[in-house]
Amino acid sequence: MAIAIPGPVQAVFTTFPLQTYPAVSSRDSALQSEVMRRSYAFSGTPQEGTDPFTLLVAHTPVPVQVDSRTYYICSEPMELFVQLCVCHKNKLGLGRALEQSSPIPAHKVLRVEREATPELLLRGRLVPRNEVLASLAPRFAGVHRQLAMLADRDLAPLFKGGELSPRARQTLLQLEAMQAGESKESALSYLQIKIASYILVLLHVDTDSQRFPESCSFVQQSCPALVHSATALLRSLCAM
């Protein structure tokens, strides 16, 4: 037996009939656009078994031109060091800017408003800076470990407003002599990657405003082997 609908209720549905509306996307388009604007996709095909990851950096990557194509490198030495290590370990190429219509890549650099970078987003977990750098420490042994510590101690201050000190000059010349004595057939070492991160930032960051004119000039004139090695590494990671 049909149940009578009370008059007041029937009047409501008669005045405001039920209507089906199209589904509303749960995706935040503004957030999506901002993530795309701040992202740089690693190029190339990653080594099999490489998990998706995001390298978080606080400094805006800068463009470099290689064979008429534009790539992006991190603009702070420690962030660039991790970027280069990630490329080397996973057989990836340097970052490329994304189009707004591109899908968010599985492997990317993302500029964030954070301190204590570089950090990694890996397997749903944020890996903090100290763990990221600690994971790379075993790659240095013996003399290479000592030279890496020397480079960090004497060259890092250049990028925090420091002048080219006599100690920094001496360290650069020591590293230059080491690199000049390397065989061209020698395998790429993590020490070379670390040194290249300092050299590439000097050569490519703020070339118009000249933040490091004295240091850049010294490296170009007195450290040709370091410049050549860093440039060769850069080009190799653009060919992935």
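User: Which residues of β2 lie on one side and which on the other, and are they buried or exposed?

Analyst: Phe-53, Leu-55 and Val-57 sit on one side, Thr-54 and Leu-56 on the other, and all are buried. Buried means under 20% relative accessible area, exposed over 50%, partly exposed in between, with a 1.4 Å probe and protein chains only. This is a predicted model: local features need pLDDT of at least 70, side-chain atom pairs count only at pLDDT 80 or more, and totals for chains, interfaces and linings use all residues. Residues are numbered from 1 along each chain as its sequence is written, and side-chain values use heavy atoms, without hydrogens and water.

User: Why is strand β2 called largely enclosed?

Analyst: Five of the five residues of β2 (residues 53-57) are buried, so the rest of the structure largely encloses the strand. Strands here are DSSP runs of E, at least two residues; helices are runs of H or I, at least four; both are numbered from the N terminus. The protein has nine helices and eight strands.

User: What makes β6 and β7 pairing partners of β2?

Analyst: Two strands pair if DSSP finds at least two bridges between them. Five bridges join β2 to β6 (residues 107-111), and these strands run parallel. Four join β2 to β7 (residues 119-122), running antiparallel. Both meet the cut-off. In β6, Val-57 has Arg-111 as its bridge partner. In β7, Leu-56 stands opposite Glu-119.

User: Why is the pair of Phe-159 and Tyr-198 called tilted?

Analyst: Rings of Phe, Tyr and Trp (its six-membered ring) pair if their centres lie within 6.5 Å; planes under 30 degrees apart count as stacked, over 60 as edge-to-face and the rest as tilted. The centres of Phe-159 and Tyr-198 are 5.8 Å apart and their planes meet at 35 degrees, so the pair is tilted. The pair links distant parts of the chain, 39 residues apart: Phe-159 is in the loop between α5 (142-155) and α6 (166-180), Tyr-198 in helix α7 (residues 190-204). Ring pairs join Phe-159, Tyr-198 and Phe-212 into a cluster.

User: How do you know whether Phe-159 and Tyr-198 are buried or exposed?

Analyst: By relative accessible area. Phe-159 has 13%, so this residue is buried. Tyr-198 has 3%, so it is buried too.

User: How many aromatic pairs are there, and what is the geometry of Tyr-40 and Tyr-72?

Analyst: The structure holds five. Tyr-40 and Tyr-72 form a tilted pair, 4.9 Å centre to centre with 40 degrees between the planes. Tyr-40 lies in strand β1 (residues 39-43) and Tyr-72 in strand β4 (residues 69-73), 32 residues apart. Tyr-40 and Tyr-72 are both buried.

User: What makes Arg-96 a charge over the ring of Tyr-71?

Analyst: A charge sits over a ring if NZ of Lys or CZ of Arg is within 6 Å of the ring centre and within 35 degrees of the ring normal. The charged end of Arg-96 sits over the Tyr-71 ring, 4.9 Å from its centre. Lys-194 lies over the face of Phe-81, at 4.3 Å from the ring centre.

User: Which residues touch the most other members of the largest nonpolar core?

Analyst: Leu-94 and Leu-172, among 63 residues. Such a core is a set of buried Ala, Val, Leu, Ile, Met, Phe, Trp, Tyr and Cys residues joined through side-chain atoms within 4.5 Å. Helix α7 gives the largest share, eleven residues.
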